Amino acid sequence: MNEPLSFLSAWLLGFLGSVHCMGMCGGIVGALSLNTKGPSMAIHLSYHLGRIFTYASLGFMAGLIGLWLASTHSYAGQVLRVLSGVMLVLMGGYILGRTHLLMWFEKRGSFIWRKVQPLSKGLLPVRSPKHGLMLGLIWGLLPCGLIYSTLSWSLVAANPLHSAGLMAMFGLGNLPALLSFAAFAQQLNRFKQTPWVRFSLASLIMAFGAWTIAAPWLN
Amino acid sequence: MTDCFHCGASVPHNVQIQLDILGDARDLCCVGCEAVATAIVQSGSESFYRYRTDVSETPEFTPASLPQSMQMELSLYDNQDVLDELTETTTSGRQISLIIEGITCAACAWLIEKQLKQFSGVEFVNLNLSQHKLQLRWQQDITPLSELINRIYALGFKAQPYSPDLAQQQLESEQKKATQRLGLAALGMMQAVMFALPLYVGDWGGILAKYETYFRFASLIITTPVVLYSARPFFVAFWRDLKTRHLTMDVPVAIAIGGAYLASIWSTFSLGDEVYFDAVCMFTFFLLAGRFLESRARLKNCEAGNQLASVMPRSTLRIHPKEKTETVVPVSQLKIGDHIRILPGSTLVADGIIVEGHSSIDESIITGEFLPIQKQLGDRVIGGSLNVESPITLQITALDKDMQISTVMSLLDRATADKPRIAVLADQIAQYFVAAVLILSALVFVSWSFIDSDKAFWITLSVLVATCPCALSLATPTALTAATGALRREGILITRGHVLQTLTRSKRIIFDKTGTLTLGQLNIEKIVTLKGREEDALQIAASLEAHSQHPIASAFDYSPLLTVAQVQAQTGAGLQGEVEGHEYKIGLASYVIDQPPKAPDNGHWILLASGQTALAWFLLSDQLRPDAASTIAALKKSGLDCEMLSGDHSEQVQLIANKLQLAKAQGAINPAGKLNYISTLSQKDATIMVGDGINDVPVLAQAPVSIAVGSASDLAKTHADVILMANQLQHLPRLMTQARRTARVIKQNLVWALLYNTSVLPLAALGLLPPYMAAIGMSFSSLVVVFNALRLNKLQT
């Protein structure tokens, strides 16, 4: 197994990283929807569909950049690989609450967010799957270190379609944690918040980063 | 260290992000949270945070701010008897389930849990968001229950002890397990498919074929819990079927899952050609999903019924018989005959008669009728209904299990226990089908072993999976559940399972007259004045009748009444009394004056006279229900012969028959005669009998389908197959339509299921269908069946 840029790894990244988003985005749709009985499954799913679509589009763009860099600079692949590996290590640190370098990226990213965020005003509270979809499309652009590091990682693939697929898988990986309708979501949440779980998830992500950097030399 | 106002995580020491929320600057942990919070605030959803405010910022409610009656009720929760009834004693304390009202989001749940955990003596708190149910384990001697519940109220929620009936508890625990099984299968499926995908599409995603073995082992690890836990019900049923020598669809399912799993393990270790872990997980998931949907519909049905149980309050105000003081007592301490006071907005805890006050009562939980109904002194009221307007005092006539609402529930249970013939038929078909499938699979295996032994196994597997008759076995129950549920929501209660099927064969419907086609109340139909004004005559008559208890008196409804003195009633004849100083008589003509004039027409006439001067004739009649004519017309249009049987001797019978254009009407028939008539009719016609009174009970019990109108006596209701709770005849055509739709849907489902299974069989047997495709097809056909059945969830008008 020499290539870390697989869909499986992307899914795992999303899954492992979701410990971070659960508090922030988990159940948000539920909490903000008009229906007191909780939102329908359709709203949940449409929100996530929108979110994942945005991720995939971002991935597509990253892939284009990667492709362009790789075709113009022969060493670009190596550099990007190292950079993205570092980003993953940072992401692990971020989840542990140790390093906040990613927050620097988040602050840079929030200027985009400030532009698109007003679009979501009319969408709250969420009233229909259509609203959910729109909200997902917009909120997929939330300034989030997790997304940025995964994005930089997907860029290494240097193939728009492949990068888009990686980002989509990442979004799918968040799903189990974010879909709070499942019976075990509450327990899962508690489980994930315990320090040793956080620690092992973070170290797994860091290991991914290290592997991304080292992969070319392992062959 | 502060906690992030938005997500609750601790804010790292070197982060400084603040945002104005709910009038204060709040610390946030990251830019993401800031962005989300800003979006929430700017979209005007700031109140979202109100439920999430931290402990220290919660506005404190002291018990004193709760209303007096509420405090009394709360203190009741510390009563030893009440505690014993509501709680379970565990080794470390007591345990109770509370239903929490007012929860709108996860934050509310979080808040309640957090607040309760602060009390010493509270050992375990868990709030189930979807069911709004709070599990609480605590030590009563450290913190009394009243204090805990008080805190919940103080937070702005309502808490009520919850005690579901046994059946529902069982259903719920089943459902919980089913959810876990389904969840595990879903996760397993996602993973196994993810591992298998690269193997199907080759080098997609950069994974080379040489890692196949690795992926196979990973799939094995993931699939094992799915087979052992998620698929367990199939194996259990398989074993049961083996012991009872009875074939159900669980047999081929268990063979397919078990066989594919074992073969894949073998293949994994022996480096064979094919593994089927993905197909095993998919198959298990899809099967479980179908069953899950079906059982959820059942649980919903049951919950709607159990609503009745859960709305019942635990305590009420009892009025001391002598001192007239009010005390809050637990419902379990009430006795029949007690006087209780029901405040507006409260639920009636028992059946009773109003002995003081009048109010409007919302009986929608029993009848489905949404408008509150006016109830006067002496009227009967039903436990479980809601007092809307003003306080009333009841004398209890029935409690607990004897309440009308409980009788209704036990009738509902009977319907679910009663398996309709078509369901039995489907089971039988499925049994033969399964036998055929097993034989066929064996044949396919043997044949392919000769043709190409490498393919024999997976082709047999495909055959087993593709032909799985799950759609067949889901076809009927899903349709019946959906149809019965929809009817009940409209106030049409089906108490026997066979009804929907029998109704479709019905050719004749027979109505009782009084109380069924008519309202069962006398009315003044016509006034013929002989002397003076009609208005005056009516006023005098009404004033006299106001002093009588006779049913006729209710026909006279007039105000203002005149003052009356010295009223005397002559049983079976009439009344006499002084109205404003003049002597009047009202009643049978021969009683009122010595030489009465001839009545104007046929019918039930009574005469009003002053001395020997006849003043006015009143024609009394029982009014037709307002919806009788339209109902009969609609029923006729749908092809039913409408008839009437009545014990009434009067010519009213023929009158009504003409008015409603009934095919046949017979008057002056006693209960035995009705019974006789019904038994002469052909069983093939599946005659429907609609009735209400005690005298209808035998004939209701005898008729192929019996329907009781909502105002019927309880005895009549227990013998009826269908009860029109909302007391509206016009529900009959809707019932007929729904029955016919149900039959149609069931037929469609069965045809579809059989067609699908038989058409996919050759494909699978020829080896054109890989196992995972077979699993997808199987689930698709089941989904078609389920969604087709769900169309019945809404009544057509």
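V253(B) is found in helix α9 (residues 250–270) of chain B, where helices (H or I, at least four residues) and strands (E, at least two) are DSSP runs numbered from the N terminus. With 26 C-beta neighbours inside 10 Å, V253(B) counts as buried, a label given when 20 or more other C-beta atoms lie within 10 Å of a residue's own, whereas 12 or fewer make it exposed and values in between partly exposed, with C-beta atoms placed from the backbone. The model is predicted, and local features need pLDDT of at least 70, side-chain atom pairs count only at pLDDT 80 or more, and totals for chains, interfaces and linings use all residues. Residues are numbered from 1 along each chain as its sequence is written, while chains are lettered from A and ligands numbered from 1 in the order in which they are written.

- Not counting residues up to four places away in sequence, V253(B) touches F234(B), L287(B) and C468(B), a contact being a pair of C-beta atoms, placed from the backbone, within 7 Å.
- V253(B) lies 9.4 Å from A231(B), C-alpha to C-alpha, although 22 residues separate the two in sequence.
- Helix α8 (residues 232–244) of chain B has 13 residues and spans 18 Å from its first C-alpha to its last, close to the expected 18 Å, which is 1.5 Å times one less than the number of residues.

**Nonpolar cores**

- The largest nonpolar core has 189 residues, of which I257(B), V280(B), F283(B), V465(B) and M644(B) touch the most other members; such a core is a set of buried Ala, Val, Leu, Ile, Met, Phe, Trp, Tyr and Cys residues joined through C-beta atoms within 7 Å.
- Helix α25 (residues 731–765) of chain B supplies the largest share of this core, 12 residues.
- A second, separate core of 20 residues includes A541(B), F556(B), A616(B) and F618(B).

**The seven-stranded sheet of chain B**

- Seven strands form an open sheet with mixed pairing, in the order β17-β29-β28-β27-β18-β25-β26 (chain B), two strands being paired if DSSP finds at least two bridges between them.
- Because β17 (492–494) and β26 (664–666) of chain B each have a single partner strand, one side of each of these edge strands is left without a neighbour in the sheet.
- Strand β25 (residues 641–645) of chain B runs parallel to β26(B) and is joined to it by three bridges, and M644(B) stands opposite A665(B) in β26(B).
- Among the residues that M644(B) touches, leaving out those up to four places away in sequence, are I510(B), F511(B), V653(B) and A665(B).

**Positive phi values**

- Most residues other than glycine have a negative phi.
- Q661(B), in the loop between α21 (652–660) and β26 of chain B, has a positive phi near 55° and counts as exposed, with 11 C-beta neighbours inside 10 Å.
- A686(B), in the loop between α22 (671–680) and β27 (688–691) of chain B, has a positive phi of about 45° although it is not a glycine, and its 19 C-beta neighbours inside 10 Å make it count as partly exposed.

**Chain A and confidence**

- Chain A has 10 helices and zero strands, and 54% of its 219 residues count as buried.
- The mean pLDDT of chain A is 74, and 74% of its residues reach 70 or more, pLDDT being the predictor's confidence in each residue, from 0 to 100.
- Over residues 181–185 of chain A the pLDDT is below 50, and this stretch has nine contacts in the model beyond near neighbours in sequence.
- Where pLDDT is low, the predicted coordinates should not be read in detail.

Methods. Two residues are in contact if their C-beta atoms, placed from the backbone, lie within 7 Å.
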